[in-house]
Structures are given as structure tokens and as C-alpha cells.
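Please look over the structure below.

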Amino acid sequence: MKLIYIFEDNSFDKGNITIYMDNTLFATLKVKNSVQDGEMKMYNSSGKVVATFAFKNVKLNGESKMFYENGKIMMKMNFKDDEPAGETIFYDEDGNPVK
């Protein structure tokens, strides 16, 4: 595993982290006040985004999405303080909501 930290200033408490597994991009995430805060993206071995998550103070807060290999949305769900909040919506491979 390889981690690349890019901080916005000399305080080292705000910036971005890029994670590589076997020299392949695996994830990107944002750090604020020295903790995960902001969007996290996860990638497949081809470099396509397979999931996005919203964090606030290290906890899942906001909309999270998963994607099919073709880039279409697979699932959407919301979180509040690491707990699922509201309806989870699933989609078929064409991006249409599944009833």
C-alpha cells in the first residue's frame, strides 16, 4: 500500500490523501482538522470510480453512491452519523430505479 499526503499548509491538518494498492489507484479522500472530512472516492483496477462517500468528522454523513462497471449508478443511500438515514435506492445497469 502506498499513501500520498498533500496538505494545504504547514499545519498538516487539511488536505488530500491518495491511496494506491499494488501501484493502482484505490481511493482518494479529504482530511480536515486531521480527520477524514469530505468526499471519499474508491476506484476499480481500471481507474473508474466505483463508489463515493461523504464524511463529516470521520463519520459517514450525506449521500453515498455505488456504480456499475459501465459508470451508471447502482445504489444511492444517505447516512447520518454513520447510520443509514432515509431510503436506499437501487438501480439497474441502465441507471433506472428498481422497484
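Strand β9 (residues 83–90) has eight residues, and the number buried is zero, so it lies largely in the open. Buried means under 20% relative accessible area, exposed over 50%, and partly exposed in between (1.4 Å probe, protein chains only). Strands are DSSP runs of E, at least two residues long, numbered from the N terminus.

This is a predicted model: local features need pLDDT of at least 70, side-chain atom pairs count only at pLDDT 80 or more, and totals for chains, interfaces and linings use all residues. Residues are numbered from 1 along each chain as its sequence is written, and side-chain values use heavy atoms, with hydrogens and water left out.

Strand β8 (residues 73–80) runs antiparallel to β9, and five bridges join them. Two strands pair if DSSP finds at least two bridges between them. K80 has E83 in β9 as its bridge partner. The hairpin of β8 and β9 has two residues between the strands, and D81 takes a positive phi near 50 degrees there.

Now the rings. A search of the whole structure finds two aromatic pairs. Rings of Phe, Tyr and Trp (its six-membered ring) pair if their centres lie within 6.5 Å; planes under 30 degrees apart count as stacked, over 60 as edge-to-face and the rest as tilted.

| Pair | Type | Centre to centre | Between the planes |
|---|---|---|---|
| Y5 and F7 | stacked | 5.9 Å | 5 degrees |
| F7 and F12 | edge-to-face | 5.5 Å | 85 degrees |

Y5, F7 and F12 form one aromatic cluster. Y5 is partly exposed at 46% relative accessible area. F7 is partly exposed at 30%. F12 is exposed at 52%.

Key
Helix = DSSP H or I, 4+ residues; strand = E, 2+ residues; numbered from the N terminus.
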